[in-house]
Amino acid sequence: MNSKELRIGNLVKYVKEVDTFGGKETEIGCRDLEDTDFYEPIKLTEEWLLKFGFEYVNLDMSIYKKNKINIIPYGDNIFKLWISTPIGTYTHDLEITNVNQLQNLYFALTGEELQYS
């Protein structure tokens, strides 16, 4: 995994367990970031979308909504982005396949961290 894709707070697999990429000495963030053998992205699934608070809506297609961000499943672990605006819906052909990509994208668009439960 490329460490440049990670922000503090991103969820990653570290030695086969889900962990938070952080900045404390006991967390992943202070380990050697160039040694990517231990890091793996977490594949984005519909279950992860629900954990992050997205709501499932079934119109003509399945959509997961949170705020004005809509995520649409397009196959095995591939999701695409729609953004609702006051003048309509903007469709972007961006493929999202990993949890950290969704976290980074959500933060870039809203300025808020994507929390999970």
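**View 1. W48, F52 and Y116 are linked into a cluster by ring pairs.** As with every view here, this one comes from a predicted model. The structure as a whole holds five aromatic pairs, and F52 with Y116 is an edge-to-face one, with 6.0 Å between the ring centres and 75 degrees between the planes. This pair ties together distant parts of the chain: F52 sits in the loop between α1 and β4 (55–58), while Y116 belongs to the segment after α2, 64 residues apart.

**View 2. K51 puts its charged end over the ring of W48.** The distance to the centre of that ring is 4.4 Å. Search the whole structure and you find one salt bridge. Both E47 and K51 lie in helix α1, spaced four residues apart, or about one turn of the helix. As for solvent, E47 is exposed, with a relative accessible area of 52%, and K51 counts as partly exposed at 28%.

**View 3. K80 and Y74 make another charge-over-ring arrangement.** Here the charged end of K80 sits over the ring of Y74, 4.9 Å from the ring's centre.

**View 4. The largest nonpolar core has 19 residues.** Those that touch the most other members are L44, L49, F52, F54, I71 and L102. Elements contributing two or more residues to this core are α1 (46–51), β6 (69–73), β7 (79–85) and α2 (99–110). The largest share, four residues, comes from α2.

**View 5. A closer look at L44 and its contacts.** Leaving aside residues up to four places away in sequence, L44 touches L49, N77, F79, I96, T97, N98, V99 and L102. Two of these, L49 and L102, are also listed with L44 among the core residues that touch the most other members.

**View 6. β4 and β5 form a hairpin.** Three residues lie between the two strands. The strands run antiparallel, and four bridges join β4 to β5 (residues 62–66). To find your way across the pairing, look for V57, which stands opposite I63 in β5.

Terms used. Residues are numbered from 1 along each chain as its sequence is written. This is a predicted model: local features need pLDDT of at least 70, side-chain atom pairs count only at pLDDT 80 or more; totals for chains, interfaces and linings use all residues. Side-chain values use heavy atoms; hydrogens and water are left out. A nonpolar core is a set of buried Ala, Val, Leu, Ile, Met, Phe, Trp, Tyr and Cys residues joined through side-chain atoms within 4.5 Å. Buried means under 20% relative accessible area, exposed over 50%, partly exposed in between (1.4 Å probe, protein chains only). Contact means heavy atoms within 4.5 Å. Rings of Phe, Tyr and Trp (its six-membered ring) pair if their centres lie within 6.5 Å; planes under 30 degrees apart count as stacked, over 60 as edge-to-face and the rest as tilted. A charge sits over a ring if NZ of Lys or CZ of Arg is within 6 Å of the ring centre and within 35 degrees of the ring normal. Two strands pair if DSSP finds at least two bridges between them. A salt bridge is a side-chain nitrogen of Lys or Arg within 4 Å of a carboxyl oxygen of Asp or Glu.
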